[in-house]
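Open the structure in your viewer and keep the selection tool at hand. The stops below are meant to be taken in order.

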Amino acid sequence: MKKSFSPQQKATVALMALKGLRSTTQISSTFGVHATQINTWKKQAEESLERAFTDKRTKEGKTQEQLIKELYQLVGQRDHELAWLKKSLAPFDP
């Protein structure tokens, strides 16, 4: 039967594995988790930690500013095209 673990239990096991105070075998026997699963949770925790300490202001901020700039440019282009169409179709207006 498949065991399910809460996120808190997974975090505890991963943290113990990251600290390295106990071997994977010891952690496995304490919590009843397979060694492969412990290594998987450890890798997930390491990846999450890297993302937690990235500077979001520079990367996402620039992307957001670029997106806004592109959208304003697109809106301006559409307004210009609409004005041109209105001017071009004016002779056909009844």
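This is a predicted model: local features need pLDDT of at least 70, side-chain atom pairs count only at pLDDT 80 or more; totals for chains, interfaces and linings use all residues.

Residues are numbered from 1 along each chain as its sequence is written, and side-chain values use heavy atoms, with hydrogens and water left out.

**Stop 1: the core**

Select Val-13, Ala-14, Ala-17, Ile-27, Val-33, Ile-38, Trp-41 and Ala-45, the 8 residues of the largest nonpolar core. A nonpolar core is a set of buried Ala, Val, Leu, Ile, Met, Phe, Trp, Tyr and Cys residues joined through side-chain atoms within 4.5 Å. Buried means under 20% relative accessible area, exposed means over 50%, and partly exposed is in between, with a 1.4 Å probe and protein chains only. Now colour helix H1 (7-19) and helix H3 (35-52), each of which supplies at least two residues of this core. Helices here are DSSP runs (H or I, at least four residues), numbered from the N terminus.

Which residues does Val-33 contact, leaving aside its neighbours within four places in sequence? They are Phe-5, Ser-28, Ile-38 and Trp-41, where contact means heavy atoms within 4.5 Å.

**Stop 2**

Axes are lines fitted to C-alpha atoms, for helices over the stretch in contact, and angles run from 0 to 180 degrees between N-to-C directions.

On the H1 side of the contact, select Lys-10, Val-13, Ala-14, Ala-17 and Leu-18; on the H3 side, select Ile-38, Trp-41, Lys-42, Ala-45, Glu-46 and Leu-49. By class, this contact of H1 with H3 has 8 nonpolar, no polar and 3 charged residues. Ala, Val, Leu, Ile, Met, Phe, Trp, Tyr, Cys and Pro count as nonpolar, Asp, Glu, Lys and Arg as charged, and the others, Gly among them, as polar.

Zoom in on Leu-18 in helix H1. Leu-18 is partly exposed, with a relative accessible area of 30%. Apart from neighbours within four places in sequence, Leu-18 is in contact with Lys-42, Ala-45, Glu-46 and Leu-49.

**Stop 3: H2 against H3**

Bring H2 into view beside H3. The axes of H2 and H3 come within 9 Å and cross at roughly 105°. That makes H2 roughly perpendicular to H3. Select Thr-24, Ile-27 and Ser-28 in H2, which meet Ala-35, Ile-38 and Asn-39 in H3. The residues of this contact divide into 3 nonpolar, 3 polar and no charged.

Ser-28 lies in helix H2 (residues 24-31). Is Ser-28 buried or exposed? At 19% relative accessibility, Ser-28 counts as buried. Not counting residues up to four places away in sequence, Ser-28 touches Val-33, His-34, Ala-35 and Ile-38.

**Stop 4: the aromatic pair**

The structure holds 1 aromatic pair. Select Phe-5 and Trp-41, which form an edge-to-face pair, 5.5 Å centre to centre with 80° between the planes. Rings of Phe, Tyr and Trp (its six-membered ring) pair if their centres lie within 6.5 Å, and planes over 60 degrees apart count as edge-to-face. Phe-5 lies in the segment before H1 and Trp-41 in helix H3, so the pair ties together parts that are 36 residues apart in sequence. Phe-5 is partly exposed, with a relative accessible area of 23%, whereas Trp-41 is buried at 7%.

**Stop 5: longer distances**

Return to H3 and select Lys-43. At 54% relative accessibility, Lys-43 counts as exposed. Lys-43 and Gln-66 are 23 residues apart in sequence and 33 Å apart in space, C-alpha to C-alpha.

Move on to Leu-82 in helix H4 (residues 56-89). Leu-82 counts as partly exposed, at 43% relative accessibility. From Leu-82 to Glu-70, 12 residues apart in sequence, the distance is 18 Å, C-alpha to C-alpha. Finally, draw a line between the C-alpha atoms of Leu-18 and Ala-83: 65 residues apart along the chain, they are separated by 63 Å.

Terms used:
Rings of Phe, Tyr and Trp (its six-membered ring) pair if their centres lie within 6.5 Å; planes under 30 degrees apart count as stacked, over 60 as edge-to-face and the rest as tilted. Angles under 35 degrees count as roughly parallel, over 145 as roughly antiparallel, 65 to 115 as roughly perpendicular and the rest as oblique.
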